[in-house]
Amino acid sequence: MAQIPNLDNAPLNLTHLREQSQKELVTILKNIRGKKCLVIDPKLSGSISLIIQTAILKEQGVELRHLSAEAIQTDCSKVVYLVRSQLSLMKYISSHIHNDTSKGLQREYFLYFIPRRPVACEKILEEERVHNFLTIGEYQLYTVPLDEDVLSFELDLSTKEYLVDGDTSSLWHIAKAIHKLEFSFGVIPNVRAKGKASVRVADILNRMQAEEPVNSPDVVVPEINTVILLDREVDMVTPMCTQLTYEGLLDEFLHINNGSVEVEASIMGGQQEGKKMKVPLNSSDKLFKETRDLNFEVVVQILRQKATSMKQDYTDVTSTNQTVSELKDFVKKLNSLPEMTRHINLAQHLTTITSKSSFLGQLDMEHTIIEAQSFDICLEYIEELIHKQEPLVTVLRLLILFSITNSGLPKKTFDYLRRELLHSYGFEHMVTLKNLEKAGLFKKQETKSNWLTVKRALQLVVEDTDTANPNDIAYAFSGYAPLSIRLVQHAVRSGWRPIEEILKLLPGPHSETKRGRFSSSASFDTLQGAANNVDKVADGRRSLVLVVFVGGVTFAEISALRFLSSQEGMAYDLIVGTTKIVSGHSLTETFVGKMDDPLHTFLEDLFGCEQNPSADPVVNF
């Protein structure tokens, strides 16, 4: 299990939140007396590991297993399932129970849904005739603290579900997570939302407060001053660009999952070929905390300086007579050696990727697309990638970026690229292209693009960005200022009103509301208001702005927010809430058609099973 992050320096009491969640799970397990087999949905194991340590689970007489189609091998007479509300998982559980009864095994079965118990799942259990065997409950885990300033709602498919499937259940979940925070930290007086989903979350949040009010004493100033809700759909440009912060690049190429990466042991200097090892990455690691938000170019220089300094200290210790005090200082420095070795190994691995001409060429192309002035050059580059059969997700990321910045592609170009993609990657990706079109990420051009207007008005391209001593959020992408964070910058400083005309050019409506006893009070819109008591919590700390990304946020965007929060004159601490941490790769992947998609199955039946990817699918466009 992953290392649980230290939350002692969090701007909110997140330790209390985590302890509450831990206590609820322990209570569930305590109430099931004796030895038990805890079967966890594999997608939840990372989240659970950030809430509770394996040792605590074992103290409750727990034997741990991952849920799969395979029968559970255990001597325990009690089996406890901990799962997401996914219909497909009900088939696994039903199969396990049928398998046990066919062998004459008598067991007690307990099923706990995270975070709530859905009727549709219970219906499947009834159809499978296993519902009566199960004691069913809920483990209401809505929020998982990933780090001191990052909360995740662990909804990894929310963007695709909302934009493609029309499934809005994640919006209720987000509102419920925020409302639960209000019970701990007071009613959030200001709510600013941009995008269809976000405005809807704001409405649900208000309805929840009306139905289940948070009764804060009048004298208490809420710890969270404002929540800014932002749809991923409003800015799909940023996640499609390659992140250039240290943590962002680690996620791009090694895929950070719940605060750790799994890498080949050889990357970390190990000798065993093919063996994998987990490397924790959170603010408990001092060197990582110092470097995670910096542009990777700068991180390489810092690591080099630290290594040189330690080498010099070692030379001094071995070649001169040192005082006891000097030796003590050297030993103290040696304590940080494992951390330093770890990050030098990771940085060395990243450097082998970032120094390749293919990586640099892709970065150049991303910047060319963002500049939106060389349509033919961009089209030729994407064409070439398709013909070379570069990884599909790599191609789709650039294609999405190209389509969004042009507000879609001319019909002739759109049809041509779609045909070329199917020729190169196989007819089954008709499902993928349909998903992208439905989500508005790869589509025919119907209106003139307003990207250039937005880019200029919000100063999204910053020339001569100083990555070593940045004065703008553009350092995180070496010259491109993430649109999402520019919007947050404006929302925090002066609300939506001054940029209303620009907001109208971006997808979805926007709203700004005051709530609770502050609904009739003067506006907190400007930073000057920070001097007022209303922007300070009881102990004099800066008040908080919770920035919620509906559909996911990248590590580079989080770094840009931390940069904003650290700037002189910033009146608030910023804390991030997100449905999931995403990268361009993981986000694009959610739209790729899976083998079990109904449309995929239909196409297989229509065209026959295994097709040669390079053969022409018999489809007319």
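**Exercises on a pocket and a sheet**

Helix 15 gives the most to the lining of the second largest pocket, with 6 residues, where helices (H or I, at least four residues) and strands (E, at least two) are DSSP runs numbered from the N terminus. This is a predicted model, in which local features need pLDDT of at least 70, side-chain atom pairs count only at pLDDT 80 or more, and totals for chains, interfaces and linings use all residues. Residues are numbered from 1 along each chain as its sequence is written, and side-chain values use heavy atoms, with hydrogens and water left out.

**Exercise 1.** State which elements give two or more residues to the lining of the second largest pocket.

*Solution.* Begin with the term: on a 1 Å grid over the protein atoms alone, a pocket is an open set of points where a 1.4 Å probe fits, with protein on both sides within 12 Å along at least five of seven lines, and lining residues have an atom within 4 Å of a point. Next, the lining holds 22 residues, and S358, F359, Q362, E390 and T394 lie nearest the centre of the pocket. Finally, the elements asked for are helix 10 (246-254), helix 15 (357-371), helix 16 (375-387) and helix 17 (392-405).

**Exercise 2.** Explain why one side of strand 2 and of strand 5 is left without a neighbour in the sheet.

*Solution.* Start from the order 2-1-3-4-5, in which 5 strands form an open sheet with parallel pairing; two strands pair if DSSP finds at least two bridges between them. Strand 2 (62-66) and strand 5 (134-138) stand at the edges with a single partner strand each, so one side of each lacks a neighbour in the sheet.
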